[in-house]
Amino acid sequence: MGKLIEEAIPALYNGVSRQPASVRMTSQVQDALNLDFSIVTGGFEKRDPLQHLGTLVGVDTAYSWTLHAIDRDETERYDVMVSSNGDVEVYDGFDGTAQTVSFAAGQEAAITAYLTSGSDNAKRRFSFLTIVDVTYIVNREVVTAMDTASTGTVISQYDTFADLTTAVPSPADGAIYEITGGASEFDNYFVAWSAADNQWIETVDPNGQNAFDVTTMPVTMTRTSLGNFELAQVAWTERTVGSENTVPAPKWIGSPLTDIVFYKNRIGYLGASNIYFSQAGDFTNLWPDKATDVLDSDPIDLTATGSRVSFLKWAVPYRKTLFMTADRVQFEQSNTGLLTPFTASIDETTAYSTTNLTKPVILGSELYFASEVSGNGIVYEYYFDDASLSNTADDVTKHVLGYVPGSITRMAADPASGKLFVMCGDSTSDLYVYSVY
């Protein structure tokens with residue numbers, strides 16, 4: 001039979017623990033509901049109240065919704081709401097006033113079809129990226145594809161460029177010829193005669209699939225003026241040189257895009273086991289300028305390789321690197337200098353089970369990502385260990401196993417208060433809070 005133990009409790013600021021009372025700290029409690037611990041007073045106080053900003057008009061509760069916050073500047077903040085039915089609503093982040101959302105001319109049906117495709121879980125389906133006034137919206141359940149239309153024909157083939165200029169002294173404007181090189185199809189390139197420039201210019205194989213199928217690719221929402229937003233399909237740059245062999249499409253074509261990230265003046269598009277970076281400064285150009293030469297500004301295609309196949313899910317810039325998660329392993333693009341096709345690489349850093357439901361977040365100098373074990377929610381704190389000179393992740397929920405429900409669907413960090421907020425499952429009224437001192 002147990003016995004009572006009498007002792008002084010100097011403080012109560014170390015939060016909840018589900019360990020046996022004989023093991024946990026005296027400054028920990030069994031449960032904590034609607035309160036905030038304080039290292040100043042050593043005790044606890046009632047949590048800060050919620051503030052009602054306004055009623056959101058146009059949110060049909062028959063569908064699931066997800067939210068993307070845009071913190072544009074001190075005077076403009078917006079909350080973007082996207083439903084599983086393809087509805088897009090934007091609200092003022094200060095008072096909840098509905099903003100005006102329109103479609104580019106003739107694109108409403110195609111954009112709505114793209115946003116509607118997939119499961120009924122909007123939180124799982126969409127990923128967002130905002131750069132200044134342009135927000136990219138990715139449907140993570142739409143399979144990407146190339147446009148199958150061809151744009152012309154090749155008139156003839158020649159082993160060398162000299163053979164062509166000798167055989168065709170007076171070419172027709174726009175006439176396309178293939179230079180085979182006489183060795184391998186991967187050395188081939190195409191040229192067209194430009195009457196306006198009075199010279200041959202490198203061009204693309206007109207028989208190839210040189211354009212993305214825009215109905216399977218991300219769409220944009222642009223702030224056109226104060227309180228006005230326009231949804232539009234992206235005018236993706238087409239392949240302008242080479243062929244499908246010499247200038248291949250991104251390896252995630254035929255798979256859904258899972259995330260999109262801004263990193264070192266490029267946009268990285270994640271899909272399958274690859275991240276594909278756009279041209280430097282040209283975010284919708286995913287093709288190199290030349291078929292036979294590689295330039296520093298060219299797109300970069302990287303594959304996450306390891307002992308097992310890893311499908312990339314999320315990417316977050318972190319400590320001058322790019323952190324990426326897969327189901328059971330984490331990677332970093334750790335080049336600290338200029339990001340070019342010659343310097344870029346992906347390194348496996350840690351191997352922890354992760355969830356596909358929520359994007360990792362950064363709080364101060366640490367990064368947090370979610371996992372799930374036997375129906376219990378797990379949160380890992382990822383950081384660089386100065387002692388071991390390596391990256392590591394600590395399970396900060398290990399001592400409260402069973403307290404946080406499984407299926408963590410959303411995490412948000414507030415650096416000012418040092419708090420990480422976690423939402424789980426389908427609940428919209430419960431928040432779990434992790435405080436960092």
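Me: Contact here means heavy atoms within 4.5 Å, so which residues does I267 touch, not counting residues up to four places away in sequence?

Reply: Leaving those sequence neighbours out, I267 touches L129, I131, Y136, I260, V261, F262, Y276, F277, S278 and F283. This is a predicted model, in which local features need pLDDT of at least 70 and side-chain atom pairs count only at pLDDT 80 or more, while totals for chains, interfaces and linings use all residues. Residues are numbered from 1 along each chain as its sequence is written, and side-chain values use heavy atoms, with hydrogens and water left out.

Me: Which residues touch the most other members of the largest nonpolar core?

Reply: They are L115, I137, M221, I267 and Y269, out of 39 residues in that core, where a nonpolar core is a set of buried (under 20% relative accessible area, 1.4 Å probe, protein chains only) Ala, Val, Leu, Ile, Met, Phe, Trp, Tyr and Cys residues joined through side-chain atoms within 4.5 Å. Strand β7 (residues 126-131) gives the most to this core, with 4 residues; a strand is a DSSP run of E with at least two residues, numbered from the N terminus.

Me: Switching to T321, is that one buried or exposed?

Reply: T321 is buried, because its relative accessible area is 9%, and T321 lies in strand β22 (residues 321-325).

Me: And what does T321 touch, sequence neighbours up to four places away aside?

Reply: With those set aside, T321 touches Y263, V316, E332, Q333 and S334.

Me: What stands opposite E178?

Reply: F190 in β12 does, and strands β11 (residues 176-179) and β12 (residues 189-194) pair in the antiparallel sense over 4 bridges, pairing being defined as at least two DSSP bridges between two strands.

Methods
Buried means under 20% relative accessible area, exposed over 50%, partly exposed in between (1.4 Å probe, protein chains only). Contact means heavy atoms within 4.5 Å.
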